[in-house]
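Here is a brief report on helix packing and salt bridges. Please read it alongside the model.

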Amino acid sequence: MPNSPPAPPDSSSWMTALADFLLDEPAVESIRLNPDSKRVEMATLGQVDGELLQAKLSEVLRAVDARWLKQDMQVPPSSGMLDVQQKGGAFILEKPSCPTAPKFWKWRDFAWPEPDEMEQESDNEWRMLALQAGICAVALVAGYVLERFFSAPAWLPKSLFALSLISGGWDAAKDTWENLREGRLDVHFLMLAVACGAVSIGAWEEGALLLFLFSTSGALEHFVMFRTHREINALTKAAPKHAHVLLPDGTTTDRGVQTLQVGEVIVVKPDELFPVDGTVTSGSTAADESTLTGEAVPIAKETGSPIYGGTLNQWGLVQVRVDRPATQSALAKIITLIQTAQHLRAPSQRFTDRFGTRYTLLTLSTVALMFFVWWLGFGIPPLENTAASKSSFYRAMTLLVVMSPCALVLSIPSAILAAIAWGARRGVLFRGGAAIEKLAEVDVIAMDKTGTLTEGELKVSKIESFPAGREADVLRIAASLEANSNHPIARAITQHAQAQGVVVEKLAEFQSITGQGLRGRTAAGLSYVGRRELVKDSTLGAVLAGVPDAPLGFSEVWVLHEQIVGRVLLKDEIRAGSRAVLEKLAAEGVRTIMLTGDRRAAATEVGEKLGIAEVRAGLHPEDKVAAIRELTQAGHKVAMIGDGVNDAPSLAAAYVSVAMGARGSDAALEQSDVVLMQDKIEKLLSARQISRRARRIIQQNLIISLGSVVVMAVASLFGIVPLTLGVLTHEGSTVVVCLNSLRLLFEKE
């Protein structure tokens, strides 16, 4: 079969995408692309969210391969809306403006967003930070042991403490330097200042411990970023790379999916993924769309039926007309939605973060002011300690130590760690402190149907024979033929037969009948298993006259064997604990909504049985995201519970995301804040319980830690607090905070 090389995309397609982005973003004035150096520059005017804009532009650029840009140097002419030009190998798109406007632009430079490079970069970052935190911890413990329990030279433990300080503060120092260059101060700067102040008055251990906590949290943050990049990249890699393009002479040639043009016809074979969105023009099949819609039952596809990229062609050979480019397929949209929603989700606004810069400036200003007040105002020597009084610098460093937010820093993480440990023992995995803090605030919970409220797998519900009495034979024949198929319905029937102890018969012949079912011959004769049409078109078709269609929400498989006619009814069963959970949530004043891609009739039936407040059915992934944003904009704090790839974008957009862990897709698990590891919806109530309890503990810890800082700082200003008492109070508040947090471990479920 001949192969043709991939052709570059039409220049107007990628240029149009960039132009649309530029016109949609009022704060972006110009974009400059350089395929040779693989750099991207974006000019903005005024206050903007740089990370969000970069994320949006990155999604546009993912569709533009740098190699194609270099091959296709034809730049479309400028329009009245934008000025398009090419200079020195770089492509420039610019909004019309006055000659002086560019002087006020702020250029942001970043690398071409290639998934593999982003994944590798984030992997290297978290590993380096983890190594630095590990060195910091080992050196800190070694120095402490040598100083307290061995008669080692004084320089040896101090050298280890110095190594711990350098290792733990290295990344914070780099970030602080970058912030200082932009005229910003944050809590990281204060941590470094406190560490230096602690060292200046001999409290080496405290400074090293503080920097160890910061370096560890930084490593964990970058690890989460790496996992997110890896899973999104995995989705990209899982997408089809080539398609069988039908040529005018009836032959096919393999081409890269990125080169497919709208209107071309491709051939998709059984058990292959549909590479792009399109419409069936010839043939029939069934598509497994569970990864996109959550629909457990494969959807029949005939001529004229829509096809979605990333779904599985079950059994038929079909021809599909390309309706959208690969970059706009259903799977590509999901990846884009995940990336964008991550940057749109509300960040966890810690109490300590909200006043970080102000507290830093307040502390440093107070310490500096008091140094001069003690020196110039009260005549206390600036650097020399005397028998009557400590120096002004010593007093200032004491004030800096007692004002350091060590207990404040521990007040939240200690409670979070205890809550995470409590949940882990009970099958609830919290992916960081944000989920624990925010889950208690939720007033709306949106849930997927398939795999969340239901089991997510078809199970045999009933077996019928006509006339009655031959049900065991119907199951045996069905299992004997379905054992040779990998269809989800086939797996459900064979598993049910095994559970019933049914012994399948050996087949002398076996054939898959396109669009109808299976044909097989055993020692007992010829048998058929498949759709209702099998019986309708046979000599036993009269049997169907008195047999109604499968009940709402059921799938049926018919069995035909000489004088035996029967059917197997299958259904995705509702989880045992779903109704009790929904009743409990309603009692707590939480509104529940079902967001599902299933048909409305099936979704409504489940909703009525469970008593769910609202049902929205027939939704695509982008519709679920829109529903989440609609609720969020209405002032609600929304939690989303799901398990499939199709749920990942809405999980990322929600205030809190919860995934069913046992059967959840990797994409859903990576986007979740909370994972119910045992696949029990009842564990959602346990998660909310510990979330509410942890919030109360955190509030208590903040009062204790802030109270001790305020009291000791005020006392230090008047010079009535000796250093020993200051250290004891400072360390004592830290211990009290930690012990208070440990109470969470003994919370009863």
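## Helix packing

In this predicted model, the axes of helix α19 (residues 578–587) and helix α24 (residues 683–717) come within 9 Å and cross at roughly 30 degrees. Angles under 35 degrees count as roughly parallel, so α19 is roughly parallel to α24. On the α19 side, V581, K584 and L585 make the contact; on the α24 side, L684, L685 and R688 do. Four of the residues in the contact of α19 with α24 are nonpolar, none is polar and two are charged.

Helix α20 (residues 600–610) also approaches α19: their axes come within 9 Å and cross at roughly 65 degrees. The two helices α19 and α20 are therefore roughly perpendicular to each other. S578, R579 and L582 of α19 touch E608, K609 and L610 of α20. The contact of α19 with α20 has two nonpolar residues, one polar and three charged.

## Salt bridges

The count is 24 salt bridges. One of them joins R567 and E464, at 2.7 Å from N to O. R567 sits in strand β22 (residues 564–574) and E464 in strand β17 (residues 454–466), so this pair ties together parts 103 residues apart in sequence. Both R567 and E464 are buried.

E464 also pairs with K462, with the closest N and O atoms 3.4 Å apart. E464 counts as buried because its relative accessibility is 14%. K462 has 45%, so K462 counts as partly exposed.

Another salt bridge links D473 and R470, with the closest N and O atoms 2.7 Å apart. R470 is partly exposed, at 35% relative accessibility. Through shared partners, salt bridges join K462, E464, E556 and R567 into one network.

Definitions and conventions. Residues numbered from 1 in each chain as written. Predicted model: local features only at pLDDT ≥ 70, side-chain atom pairs only at ≥ 80, totals over all residues. Heavy atoms only, no water. Axes fitted to C-alpha atoms, helices over the stretch in contact; angles between N-to-C directions. Helix = DSSP H or I, 4+ residues; strand = E, 2+ residues; numbered from the N terminus. Parallel < 35°, antiparallel > 145°, perpendicular 65-115°, else oblique. Contact = heavy atoms within 4.5 Å. Nonpolar A, V, L, I, M, F, W, Y, C, P; charged D, E, K, R; others polar. Salt bridge = Lys/Arg side-chain N within 4 Å of Asp/Glu carboxyl O. Buried < 20%, exposed > 50% of the residue type's maximum accessible area, 1.4 Å probe, protein only.
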